[in-house]
Amino acid sequence: MAKQGSGSILQFAPFQSAVDEGFWHRLSSLKLNKLGIDDSPISVTGFYAPCSHSQVSNHLTLLSESIPSESDEQLSTTNLGNRNRCSIPGTLYNTNTLESFHAIDRQSLLKQEAKKIWEDIHSGKAVEDSAVLSRFLLISFADLKKWSFHYWFAFPALVLDPPATLVDLRPASQWFSSQEAESVSAACNEWRNSSTTADVPYFLVSVASNSHATIRHLKDWEACQGDGRKLLFGFYDPCHLQNNPGWPLRNFLVLIFARWNLKSICFLCYRENRGFADLGLSLVGEASITVPQGWRDSQCVPNAVGWELNKGRKAPRCIGLAKSMDPTRLAVSAADLNLKLMRWRQLPSLNLNILSSIKCLLLGAGTLGCQVARMLMAWGIRKITLVDNGRVAMSNPLRQSLYTLDDCLNGGDFKATAAVKSLKRIFPAVEGEGVVKAIPMPGHPVSIQEENSVLDDCRCLHDLILSHDAIFLLTDTRESRWLPTLLCANSNKITITAALGFDSFLVMRHGPGPFSTSDDVKADAANALSADMGNLALTNRSEGHRLGCYFCNDVVAPTDSTANRTLDQQCTVTRPGLAPIASALAVELLVGVLHHPQGIYAQAELANSIDSGSTEQPLGILPHQIRGSLSQFSQMTLVGHSSNSCTACCGTVVSEYRERGTEFILGAINHPTYLEDLTGLTELKKSANSFQLDWDIEADDEDDYVEI
């Protein structure tokens, strides 16, 4: 190439940026999980390397490791000494809204970064750590709903006024003699292959009179003077153009002039080919600098330029990642978005780990089961098992939200499996399982031929309850809730019941089992729960009464509630809006238990009570029972303590089950009075029937009263 220069203005090829997709994923995670609405500047690291191709320039690149992880206090130093990743410090300003992004004072930010470079030059920091000369700036806005990112890079460059003039610019192979070129190439390769210098982007090239070349640090400038040496200021040039040096030279010239007061500067634009020095591609130039006005005053910061152009225009860039992301991964990110946004302001203590790790068992896949499953997924709960032995009927899809007409055809699919398929269509990352099993019920006697099948169902239900952390009782008959209630009391599981009337509902949490402090139950609970679940209290430290279960207020044992009933009494006839309300409350009750310090042992709290104010948790009160009426559009919270005569959870019944096992269950199923006899309800009813009232009626009409 012919000699260039002859007094023309020295022009520089702008830096170009490239952002890896992993950087945006890391930023999104940091924004959601740690930063929230904090828009303070973030220190980031960019990477670039010398140009390695005659037709393609290298870019300043941001990778996933460019931004600190959520747990890191500082950026990782694992890239030190990497010849392909020269580390450059940068500052990221991530705004909370698109309007803030467009309204940001870009010129002011550019001046701030330019001032840092100017101060580093005068303090000597730029000589010790030359990478600060190329520091960059990035402003951005992350739209985490659409997975699109608006951003704009700036590479601050101090402006020489008047600008530097180019005296000479030619390929390095033409500037050096053949011996000098050979020695310079060898010295550069050695510098680039050393782990201590490979990523140092600015350096000195000293060529002795005997043509021997050495590469030195900038701080060795004084030691390189004299003895007829040729001294060049070298830098890693990302640009491939033969007529223009790259952008990093701009601030380098300012440093050289301000630090050593040189007005004529020889520079080496170092470029490579296949990892080795290429002096045919590299350039050597000479620049002349006129003393800029006011530069003797270190407090007078020069003007700066450097905002990156977008296709020749001053405009930001935008990238959308939604189409390139795996649909399942995108669904998971979108599903978690609402929960993570809760932690920004309203609920910083929300424990997403405990929600994602808990295993929920839903007994019943009908109107309530479908709604509860969807609510659980909305809370970030991914591990859901549904148990039901019914099939989808034509009347189901309108009320049971997980089914469609296709599930009703050819006799109907099993509800449990159809519901899980629907859940996976809604959210592919759900870990769902459908179990087709009947629940043995008292009042529904079985023949000897059926006993083995019923006992298999009992064992299956027992194993399912042991392997899950929270159980929802969502079946449509009273007696079908008895065995699950007993098994949950025996294994001390979090148990939530939801039951519907025509225009009323009951949602309640069961209290802990009667032997909840025994060593074997604690061991079972610890094994079933995840590490986060283990933080819930395993011992009942409160002095209050144990909360009751669904059966604690009954004075009769559960019996067959479907026999001799008309069709409207056999079906769950209820107002359509009732099930979604009850289901949502049931799931909210579970989330409240999981976030309460005492977990399953938490005492009941009542709305508007005097005592609840001092202990109220971030999610609000934690009631025992919620009863609602659609006809009155009302709702109340109640407390019911455990009964020593309860047919499902009292110590007598649980002890009998532990001692006799399946034999006890068969007795309860086949003999209508078995549970009442065992718990003393039979005697209680006899006593109540024999109790007589004596009425003493006074003649005084004004003072009528009754004595009992």
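Analyst: Cys-269 stands opposite Leu-283 in E15. Heads-up: this is a predicted model, with local features needing pLDDT of at least 70, side-chain atom pairs counting only at pLDDT 80 or more, and totals for chains, interfaces and linings using all residues. Residues are numbered from 1 along each chain as its sequence is written, and side-chain values use heavy atoms, with hydrogens and water left out.

User: What makes E12 and E15 a pair?

Analyst: Strands pair if DSSP finds at least two bridges between them. E12 (residues 264-270) and E15 (residues 283-288) have six, in the antiparallel sense, so they pair. Strands here are DSSP runs of at least two residues, helices (H or I) of at least four, numbered from the N terminus.

User: And what about E11 and E12?

Analyst: E11 (residues 230-236) and E12 share four bridges, in the parallel sense, so that's a pair too. Phe-233 stands opposite Phe-267 in E12.

User: Why is Met-394 called exposed?

Analyst: Exposed means over 50% relative accessible area, buried under 20%, partly exposed in between (1.4 Å probe, protein chains only). Met-394 comes in at 56%, so it's exposed. You'll find Met-394 in the loop between E19 (383-387) and H11 (415-426).
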